[in-house]
Protein chains: 2
Amino acid sequence: MEFSHISLAHGNGGRFMRELITGLFARHLGNPWLDTDVDAARVPIGDHGEIVVTTDGFTVQPLEFPGGNIGSLAVHGTVNDLAVAGARPLYLTLNAFIEEGLELAQLERFLAAMSAAATEAAVHIVAGDTKVVPRGQGSGVYFATTGIGVREHGIELGMGRILPGDRVLVSGPVGDHGTAVMLAREEFGLRGDLASDAASVLPVTQALLGVPGLRFMRDPTRGGLATVVHEIAHATGATVRLQEPDIPVRDPVRSVCEMLGYDPMYLACEGRVVSVVAPESADAALAAMRSVGCPEAAIVGEVAAGRAQAVLVTELGGERLLEELEDDPLPRIC
Amino acid sequence: MEFSHISLAHGNGGRFMRELITGLFARHLGNPWLDTDVDAARVPIGDHGEIVVTTDGFTVQPLEFPGGNIGSLAVHGTVNDLAVAGARPLYLTLNAFIEEGLELAQLERFLAAMSAAATEAAVHIVAGDTKVVPRGQGSGVYFATTGIGVREHGIELGMGRILPGDRVLVSGPVGDHGTAVMLAREEFGLRGDLASDAASVLPVTQALLGVPGLRFMRDPTRGGLATVVHEIAHATGATVRLQEPDIPVRDPVRSVCEMLGYDPMYLACEGRVVSVVAPESADAALAAMRSVGCPEAAIVGEVAAGRAQAVLVTELGGERLLEELEDDPLPRIC
């Protein structure tokens, strides 16, 4: 490791974070069930079968943004990690690190949003803990949520199941969450009519689980669609080719990104699913998503034999490589 | 609620914290499985039976102290909440909120201690997440751990099972952790040969689970022995009478507490068990604890019909009431 102290780059979703997690956390804490490449672990429970477990910390700034707040995000984020693992979320635990001076009315808005999000996903918060830290040792509130679920379909999913010819789909427009949070930061002095897409993806994953030929699902959060596709390419050793004209991006997201120099391919979504399905199942997967309120779901690319690389085919037919994120362009979006 | 903003008193283990949790968190997030009076929840898992779930946040200052650090504490604390619920811990999840500028060598010491504590308790950390927060928005590191376990003995435990005549036992000297952390704070300018008792209590709880007549177990952390006894008195409507001469307190703990005006009855332990057993089982419980390396385990009191109150019988035969903690005398000990 090139660093002697933690820097912000260790949290920015790129190479340094990966090195911190694999080189330090996993080296000390490794065990057969800890897989730093997946967001949820399947673990045996006595003679009773198996549960699926995931956990996430939330430090988004600002704490409230169009379309949600840190409370709803903490529930959606953890619910979604279980959902894309093919699990039905059952229980959450909640830790709150609250900074002295936080307004109680604001805390109450987070809890109300959390409650609504939990009700929507039919999960129960069964254990919690609160700690108060002195003023200047937090930033309002940090939440940590752990999710526990069960797999009901018995369907095996994973990057290892992806084959050349498979299609890549997204359940809706990309980049909304990242752009909405960015605009909510006063530093940009911009206001748009954009809202975060933060929501439970359970309806989408439940619909996709009914489609034969489903190989893999992931929610494209930190690092966005490009990062998921890059991971698929490197895990499968294949080329993933995305068709830029087919990728749904809302006009205001496109405008803001062009103005500020961001690439929506790399911006976080908090209510979308990237899925990979067998070629003959692509239309069924699309129809399944559209049937649960995703009119903009789209087939956006294909897996092809070849080098391990993620490629974007542009409107004009040119190709550009989607590189691994070195440094998150937009820190603290979750 | 009398406050409009979060104050440090909301985190200090006393009345304001209880009001925050019941009046705000539980009001919004309540469900049949969320019981703010217990540290671990028993929840059904599909047709597969039941798991036990607990969660805790850790903000101890200083991050390292004689006998442990925030890493070992985060594992022990969560393991122990499962252990006193009669469960065998299986899995942990870990969230780390790391402040920019934390020395990597120090972080590595926390993870090594965490690993050793997990190995000792035979638990696996199966999911984790790291977030880096900017300098001045943390205090080195905060950890949040969630624990998942199973009950193997089928023994029902709870304050509701306590009867008049039952005996109260502790597994070892009280107040070590609170005193050790306090001394590790430079502000006191004191150094002692005291170490925290932070450790897994699994050997103790496993031994006690073999004793017929076991009613209840709890680890006396924030608020110490007095707070557990106070809770027992109010949950059962009975008088709990502790014999001060029988309560094990190490001499250096007693000296430091006398010097600084603390009461060891209210100081946190992180490796002790308070248990309540039927009168005819008290000697067996004592022997069980001594057989697993607790030579100073002791029978310290008795439950008696009468008013709901916690009473300390002093060396001279006088009685004094152990009041509910209004404000933790020693914040951030876990």
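Predicted model: local features only at pLDDT ≥ 70, side-chain atom pairs only at ≥ 80, totals over all residues.

## A helix to start with

Which residues of α3(A) are buried? They are A:Leu104, A:Gln106, A:Leu107, A:Phe110, A:Leu111, A:Ala113, A:Met114, A:Ser115, A:Ala117, A:Ala118 and A:Ala121. After α3(A) comes A:Ala122, with a positive phi near 55 degrees.

## Nonpolar cores

The largest nonpolar core holds 98 residues, and A:Leu107, A:Phe143 and A:Leu242 touch the most other members. Helix α3 (residues 104-121) of chain A gives this core its largest share, 8 residues. Domain 1 (37-151) and domain 2 (159-321) of chain A each supply at least three residues to this core. Another core, of 97 residues, lies apart from it and includes A:Leu24, B:Ala117, B:Phe143 and B:Cys294.

Beyond its neighbours within four places in sequence, A:Phe143 has contacts that include A:Phe58, A:Ile70, A:Leu94, A:Phe110, A:Met114 and, from the other chain, B:Phe97.

## How the two chains pair

Chain A is superposed on chain B by a rotation of 180 degrees with 0.0 Å of shift along the axis, at an RMSD of 0.0 Å. That is the relation of a two-fold axis. The copies meet through the same surface, because 100% of the interface residues of chain A are also interface residues in chain B.

## Salt bridges

Over all chains, the count is 36 salt bridges. One of them pairs A:Asp129 with B:Arg222 at 3.7 Å, N to O. A:Asp129 belongs to strand β6 (residues 124-133) of chain A and B:Arg222 to the loop between β9 (214-218) and α6 (224-236) of chain B, so this pair joins two chains. Both A:Asp129 and B:Arg222 are buried.

Within chain A, A:Arg215 and A:Asp166 form a salt bridge with their closest N and O atoms 2.9 Å apart. A:Arg215 sits in strand β9 and A:Asp166 in the loop between β7 (141-151) and β8 (167-170), so the pair ties together parts 49 residues apart in sequence. A:Arg215 and A:Asp166 are both buried.

In chain B, B:Arg250 bridges to B:Asp176, with closest N and O atoms 2.7 Å apart. Here B:Arg250 is partly exposed, at a relative accessible area of 32%, whereas B:Asp176 is buried, at 2%. In chain A, a network of salt bridges links A:Asp176, A:Asp197, A:Arg250, A:Arg272 and A:Glu296.

Methods: Residues numbered from 1 in each chain as written. Chains lettered and ligands numbered in written order. Heavy atoms only, no water. Core = buried A, V, L, I, M, F, W, Y, C linked by side-chain atoms within 4.5 Å. Buried < 20%, exposed > 50% of the residue type's maximum accessible area, 1.4 Å probe, protein only. Helix = DSSP H or I, 4+ residues; strand = E, 2+ residues; numbered from the N terminus. Domains from an automatic or database assignment. Contact = heavy atoms within 4.5 Å. Least-squares fit on C-alpha atoms with pLDDT ≥ 70 in both. Salt bridge = Lys/Arg side-chain N within 4 Å of Asp/Glu carboxyl O.
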